[in-house]
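Here's a quick tour for anyone meeting this structure for the first time. Have a look at it below, then read on for the highlights.

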Amino acid sequence: MRLKALSAFFGTRNRISLGRLFNTIQSSPFFSSSPAPSISRVSGSKLLPNMEQETEATVSKAVAAIACASMALFYVAILYAPTLILRLPPPSSLKHYLIRRFICAAISSIVSLIFSAFILSIRSKEASNISSVYGIRGDHMWQAVVFPLFLTSLMYAGSLVLKFLLLVNSRTTNLSNGGRLSFDFIKSVPQIFLGQIFSITFNVLAWRTYVVAPLTEELVFRACMIPLLLCGGFKIYTVIFLCPIFFSLAHLNHLMEIYSSQNFSVLKASMIVGLQLGYTVVFGWYASFLFIRTGHLVAPLVAHAFCNYMGLPVLFARRRGLVSVAFVAGMVGFVRILFPITRPDLYNDRTNNCRCWHGYCSWN
């Protein structure tokens, strides 16, 4: 059913038949890492002639786009609701300020999940079925963690090599000052890593960067928006490139903070915000790709947390050509295994008779 207008959609009680969309998306070559004929035998559905063919729309494109824009706006607006709308006093500390924002982000995520479920008109009342539409699954967990994490780390090969060289350099400096080389050096590497993990546990800023922000953003901008856009009949590639636009626009709320921190310099603030927007768009493409290919929310979630930890990839470093070599080698490896390591069958038990929006699931 293609609905003509937003008001008409909310005024009808007809339920959307998602099964037709599931079969259409399932048969798309984009999800396949094997020859097309074998997929046809598995799914029993007609293959799309090419990637550019649109999926059958079960929600109008206007409804899907407006809903996504509304969720993005709500995600940002609710962060300022305690002060501007509820007129609560300013928080007494940074910790209280961040906790207040954590609560707002959680509310935004829950509201977005309910809102998108209403628009999709999910007929199943089973919690497992509803959660799986959003990629919230407990199966294939180690694949959803290990494979995307390894794939993402290849983009940071230069950064990881630089960190290792700096660690070795600090040890060499210690030796030149009379220290001794022992197994303590080898033992210190995991100890430093575990120490950082332990410090993150009790650091509210770390919770914001590595837990709350990735979790709530992936829920809203991937789990809620991608099913809507696909059900709106948008092409799969269009969804991958369009969804990050909403994601990047949601980061514009940092503009005034950066503007004030840069001594109210419009040029400096614009350059910093432009760089951030560009980075978030590129990452959004990658996260959307992971979500659609795997059908697992954990895949883009761990990639998001890892990217927040690493920051921007290091392309080169002075007097350390090995860093550039590692970066190039990592990117080559990333491109070569991008599709093989995200094969849908690695993250799902079976690929036929599926009832989920991405066309691949392990439901009975």
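A quick word on terms: a residue is called buried under 20% relative accessible area, exposed over 50%, and partly exposed in between, using a 1.4 Å probe and protein chains only. What you're looking at is a predicted model, where local features need pLDDT of at least 70, side-chain atom pairs count only at pLDDT 80 or more, and totals for chains, interfaces and linings use all residues. Residues are numbered from 1 along each chain as its sequence is written, and side-chain values use heavy atoms, with hydrogens and water left out.

**Helices**

- Helices here are DSSP runs (H or I, at least four residues), numbered from the N terminus, and strands are runs of E with at least two residues.
- Helix H4 covers residues 61–77, which is 17 residues. From its first C-alpha to its last it reaches 24 Å, close to the expected 24 Å; that expected span is 1.5 Å times one less than the number of residues.
- Several H4 residues are buried, including Val63, Ala67, Met71 and Tyr75.
- Alanine 81 belongs to helix H5, residues 81–84, and it counts as buried because its relative accessibility is 15%.
- Alanine 106 is part of helix H6. Its C-alpha lies 9.8 Å from the C-alpha of alanine 213, which is 107 residues away along the chain.

**A nonpolar patch**

- Phe74, Ile99, Ile103, Ile107 and Val111 make a nonpolar surface patch of about 380 Å². Accessible areas come from the Shrake-Rupley method with a 1.4 Å probe, and for residues only the protein chains shown count as cover.
- To join a patch, a residue needs over 30% relative accessible area and no salt bridge; nonpolar side chains (Val, Leu, Ile, Met, Phe, Trp, Tyr) are joined within 5 Å, and like charges within 9 Å.
- Which helix gives the most to this patch? That's H6 (residues 94–120), with four residues.
- Isoleucine 107 sits in H6 and is partly exposed, with a relative accessible area of 40%.

**Aromatic rings**

- Rings of Phe, Tyr and Trp (its six-membered ring) pair if their centres lie within 6.5 Å; planes under 30 degrees apart are stacked, over 60 edge-to-face, and the rest tilted. The count by this rule is eight aromatic pairs.
- Phenylalanine 289 and phenylalanine 339 form an edge-to-face pair, 5.3 Å centre to centre with 80° between the planes. Phenylalanine 289 is in helix H14 (residues 266–294) and phenylalanine 339 is in the segment after helix H16 (321–337), so the pair ties together parts 50 residues apart in sequence.
- Buried or partly exposed? Phenylalanine 289 is buried, at 8% relative accessible area, while phenylalanine 339 is partly exposed at 36%.
- Trp142, Phe147 and Tyr347 form one aromatic cluster.
- A charge sits over a ring if NZ of Lys or CZ of Arg is within 6 Å of the ring centre and within 35 degrees of the ring normal. Lysine 61 has its charged end over the ring of phenylalanine 234, 5.3 Å from the centre, and arginine 101 does likewise with tyrosine 80, at 5.0 Å.

**Salt bridges**

- There are three salt bridges, each being a side-chain nitrogen of Lys or Arg within 4 Å of a carboxyl oxygen of Asp or Glu.
- Glutamate 218 bridges to arginine 222, with the closest N and O atoms 2.8 Å apart. They are four residues apart in helix H11 (residues 204–231), so about one helical turn separates them. Glutamate 218 is buried at 0%, and arginine 222 is buried at 0% too.
- Arginine 137 pairs with aspartate 139 at 2.7 Å between the closest N and O atoms. Arginine 137 is buried at 9%, whereas aspartate 139 is partly exposed at 23%.
- Aspartate 345 and arginine 343 form a salt bridge, with their closest N and O atoms 3.0 Å apart.

**Positive phi angles**

- Arginine 87, in the loop between H5 and H6, has phi near 60°, a positive value in a residue other than glycine. Arginine 87 is exposed, at 66%.
- Histidine 140 has a positive phi near 50°. Histidine 140 is in the loop between helix H7 (127–133) and helix H8 (141–155), and it is buried at 15%.
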